[in-house]
Structures are given as structure tokens and as C-alpha cells.
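Good morning, everyone, and thank you for coming.

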Amino acid sequence: MDEEVRIGLVGDRSENVRAHQAIPRAFQLLAERGQGPRVSLTWLPTAALDEDDVAARAAGLDGLWCVPGSPYARMAGALAAIRHARETGLPFLGTCGGFQHTLIEMARNVLGVAGAEHAQSNPDAEMLLVTPLACSLVGVRGRLTLVARSRLAAIYGAPEAVEAYHCNYGLNPQHRALIESSPLALAAFDDAGEVRAVELPTHPFFFATLFQPELSALAGEVHPLVSAFANAAAARRR
């Protein structure tokens, strides 16, 4: 029997968050249908993470997923985990809150914008990189246009997709140019042209999406991005 792949879930587990119920099911479906490895999951609560010990807590893991459920108990813990994955080449996926905090981690630690903040956790900050969406996306499904020749488009094997959301915050359009100047590449847009996914081309596997691919599992569907993530984690183990 193949060895299990170990993936750490960065976030604060709650039975009230649909994504937290969907993620284990997503990996279960993947293995049952022979489209990916068996996966064991380890929760990494944000309150227990910081720059000094995240490497130790991630030791033995084959990938990190920064999951929905923000505001996190400790933003610094989430940012430390994202930074660790980015700097070490550990396969990484961030969805919803994970997408939002991936943008903040990049702004703070790569672009030197120490004051980059999230309006949900610090609404009075001067530099709000993540702000309320013009229209709530809680319970919404919407069409995406995937950037041609992006790695995300290659994973989907299609120029468009329809995805589910459950969020109220996204990239502040006033600071889109900042993210465009970073090593992150914009990978998907909604019909209004708003950024809905980013990727890091220099990394073995590093994607963050405002939409929630894990929710496909609740309809009994295997999602291509979840499959690609699990297989990237398995490749790292080999």
C-alpha cells in the first residue's frame, strides 16, 4: 500500500465552517477514485504558530493548505506558515482567507510593505490590502477566466471555470498594481475583471484562490486543483 501523504491545514478548526468539513471529503474522494494519493491531515492552529517554530511544526509534512475561516485566531501564525511554504518550496494551497493572507504575506515579507493589513482584522489601518468586496460572495458561484499559459489554466485544462465562494473580502483594487509588481502572477479573474487567483511561477506548487475548490467535494466531485495539490505533495515525498 502506498505511503500516505501528510498535509497540514493552517487555520482554526470549526464545525461551523463548511470548508473544514469539505476538505477531508475532497481528499477522500481523490483517493477513492484513484486520482491521487491517500492523504492524512494535521491541523496547525494559527495561535500555535510563529516564525520561530513553524519549521518544526511543519517537519514531516508534504504540503500546507491555509484554509478558510478567517479572521484567524492569530494572523501572524498564518503568515508564518505561508512564508515557510513559500521560502522552502513546500507545496502550498491557500483558499478564501488563505488567498487573502497570501497577498499580505507577499506584501510584507517580499515587497517590504510592513503595514499591509486586512480590513477584517484591522479596519483602521492606513494600508488596507484586503478590503470588503463590492458585492458579497457568500454562497455565490461565478465564472472565472483563467490566464492563458498560466499554471492554473494548465491544471484545469480549460480557459474558463465556474467556482463556489463563501467570502466577503478580497484584494483591494486600489493596490492591485502592488501585487502585479510582486513575484506572484495573476492567474484568474471574474467577469468584472477582479483578481480571484494567484500563483508563484518560481515555486514547485504555490497557488492561492479566493474561491473554494474544496466545496466541490460536497457535491461528490473531485476538483482538479485539489488533485494537483495532493499529487504535488506526493511528488515531494518521493
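Which residues does Ala107 touch, not counting residues up to four places away in sequence? Before I answer, please keep in mind that this is a predicted model, in which local features need pLDDT of at least 70 and side-chain atom pairs count only at pLDDT 80 or more, while totals for chains, interfaces and linings use all residues. Residues are numbered from 1 along each chain as its sequence is written, and side-chain values use heavy atoms, with hydrogens and water left out.

Now the answer: Ala107 is in contact (heavy atoms within 4.5 Å) with Gly112, Val113, Ala116, Leu129 and Leu178. Leu178 lies 71 residues away from Ala107 in sequence, yet the two C-alpha atoms are 7.8 Å apart in space. Ala107 itself belongs to helix α4, residues 97-109; helices here are DSSP runs of H or I with at least four residues, and strands are runs of E with at least two, numbered from the N terminus. Ala107 counts as buried because its relative accessibility is 0%, where buried means under 20% relative accessible area, exposed over 50%, and partly exposed in between, with a 1.4 Å probe and protein chains only.

Let me turn to the strands. In strand β3, residues 63-66, Gly63 and Trp65 point one way while Leu64 and Cys66 point the other way, and all are buried. Strand β1, residues 5-10, runs parallel to β3 and is joined to it by four bridges; pairing requires that DSSP finds at least two bridges between two strands. Leu64 is the bridge partner of Gly8, and Leu64 also stands opposite Phe92 in β4.
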